[in-house]
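Please look over the sequence and the structure shown here before reading on. The report that follows takes up each chain in turn and then the contact between the chains.

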Amino acid sequence: MKADAHRRHAESLERAIVLARPDPTTSVAIIENAWGAAYHWISYGCIRKYQQHRDKHQGLTAYLVGLGEQRLAQWWRNFEDVRQAGFYGNQAGESEVQEALDLLGRIRTWATT
Amino acid sequence: MKMAPIPAWLDDATSALVEETVSLLIKRHANILLAVILFGSIARHEERPVEDSCPSDVDLLAIFDTTDRLVKPYREDIFATIIDACALHLDAPREVNVLLSDRTMQTWDAMFLDNLARDGILLYARGSLPAPLAARQSLQGVLEDKGVTL
């Protein structure tokens with residue numbers, strides 16, 4: 001995918017988050033969408049800044065560290081924890097949603113500035 | 001307090017990354033780190049090989065001495081530590097995922113805790129394991145069998 005396509009995907013996922021946000025039963029969906037949007041913002045930012053990106057999320061942490069983007073890698077790793085904890089039955093409540101949205105905001109800012 | 005050995009079936013580069021990750025967590029967060037447990041397909045030795053297009057990740061659960069579910073306010077520093085370890089082993093073919101847990105472990109699914117107690121490999125522990133794990137099959141004996149002093 002090209003940079004603009006990644007940006008459009010990210011923005012579409014973010015619109016879905018806005019629609020889901022008033023419903024407290026959608027916390028898992030919000031976290032999944034936020035994680036997906038963050039991945040697309042990272043791809044968008046990598047193409048803009050480095051003219052390259054990783055087309056899958058596996059190995060993305062090491063890839064970002066290899067680019068010298070340690071802070072971004074840290075945010076991504078943090079995001080993976082918030083998301084993956086849900087796979088193992090850890091509850092996704094308001095604090096997890098807020099953490100995911102905070103990380104998404106930081107990643108979007110990195111990608112677009 | 002020392003680490004238990006990394007399973008021998010893990011490749012050398014990933015093994016070095018796991019060891020670095022756990023060592024740095026112990027070194028930098030000794031006052032709050034209670035235990036590190038290897039779980040998932042690698043612990044069960046059912047992992048997809050590194051030659052696979054999507055090799056299995058290494059899954060670690062790090063338990064911290066806090067009741068905050070998201071392990072705040074330590075969370076950012078802990079992930080900085082994990083990334084520092086990653087930066088020293090970029091050649092590792094497997095990714096190391098570290099899940100953070102508070103010491104109550106109350107929000108984890110019972111089935112996950114059962115699997116953790118059954119298949120988990122305790123790499124590090126300081127003191128007793130949290131009650132939800134101690135109440136199940138004891139992982140602590142596994143660690144003591146490996147000669148690790150708690």
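## The two chains

From the N terminus on, chain A runs through the elements α-α-α-α-α, which amounts to five helices and zero strands. The model described here is a predicted one, and every value below should be read with that in mind. Chain B, by contrast with the run of helices in chain A, has six helices and four strands, and along its sequence these elements follow the pattern α-β-α-β-α-β-α-β-α-α.

The overall dimensions of the chains are set out in the table.

| Chain | Box along the principal axes, C-alpha atoms |
|---|---|
| Chain B | roughly 40 × 30 × 30 Å |

For chain A, with 113 residues, a compact globule would have a radius of gyration near 13 Å, and the value of 14 Å found for this chain agrees with that expectation. For chain B, with 150 residues, the corresponding expectation is near 15 Å, and the chain has 15 Å, which agrees as well. Buried residues make up 47% of the 113 residues in chain A and 39% of the 150 residues in chain B.

The contacts inside each chain can also be described by how far apart the partners lie in sequence. In chain A, 64% of the contacts between residues at least 6 apart in sequence join residues that are at least 24 apart. In chain B, residues 24 or more positions apart account for 71% of the contacts with a separation of 6 or more.

Is strand 4 of chain B, residues 121-125, enclosed or open? Five of its five residues are buried, so this strand is largely enclosed by the rest of the structure.

The loop between helix 4 (110-119) and strand 4 of chain B holds B:Gly120. This glycine, B:Gly120, counts as buried because it has 24 C-beta neighbours inside 10 Å. Between the C-alpha atoms of B:Gly120 and B:Cys86, which are 34 residues apart along the chain, the separation is 22 Å.

## Backbone features in the loops

Most residues other than glycine have a negative phi, and most peptide bonds are trans. Against that background, the loop between strand 2 (58-64) and helix 3 (75-87) of chain B, where B:Pro73 lies, deserves a careful look. The peptide bond from B:Lys72 to B:Pro73 is cis, with omega near 10 degrees. B:Val71 has its place in the loop between strand 2 and helix 3 of chain B too, and its phi is near 55 degrees, a positive value in a residue other than glycine.

In chain A, the loop between helix 2 (27-50) and helix 3 contains A:Gln51, whose phi is likewise positive, near 55 degrees, in a residue other than glycine. Which of these residues is buried and which is exposed? A:Gln51 is exposed, because 8 other C-beta atoms lie within 10 Å and the limit for an exposed residue is 12 or fewer. B:Val71 counts as buried, because it has 24 C-beta neighbours inside 10 Å and a buried residue needs 20 or more.

## Where the chains meet

The contact between the chains takes 22 residues from chain A and 20 residues from chain B. On the side of chain A that touches chain B, helix 3 (60-66), helix 4 (70-87) and helix 5 (94-112) of chain A each supply at least two residues, and the largest share, nine residues, comes from helix 4 of chain A. By class, the residues on this side of chain A divide into five nonpolar, twelve polar and five charged.

Two packed helices are described by the angle between their axes and the distance between the axes. Helix 4 of chain A packs against helix 3 of chain B at an angle of about 115 degrees, with the axes 9 Å apart, and the crossing of these two helices is right-handed. The contact is made by A:Gln70, A:Ala73, A:Gln74, A:Arg77 and A:Asn78 of helix 4 of chain A, together with B:Arg75, B:Phe79, B:Ala80, B:Ile82, B:Ile83 and B:Ala87 of helix 3 of chain B. This contact between helix 4 of chain A and helix 3 of chain B has six nonpolar, three polar and two charged residues.

Conventions: Residues are numbered from 1 along each chain as its sequence is written. Chains are lettered from A and ligands numbered from 1 in the order in which they are written. This is a predicted model: local features need pLDDT of at least 70, side-chain atom pairs count only at pLDDT 80 or more; totals for chains, interfaces and linings use all residues. Two residues are in contact if their C-beta atoms, placed from the backbone, lie within 7 Å. Ala, Val, Leu, Ile, Met, Phe, Trp, Tyr, Cys and Pro count as nonpolar, Asp, Glu, Lys and Arg as charged, and the others, Gly among them, as polar. The radius of gyration is taken over C-alpha atoms; the globule rule is 2.2 Å times the number of residues to the power 0.38. Axes are lines fitted to C-alpha atoms, for helices over the stretch in contact, and angles run from 0 to 180 degrees between N-to-C directions. A crossing is left-handed if the near helix is turned anticlockwise from the far one by less than a right angle, and right-handed if clockwise.
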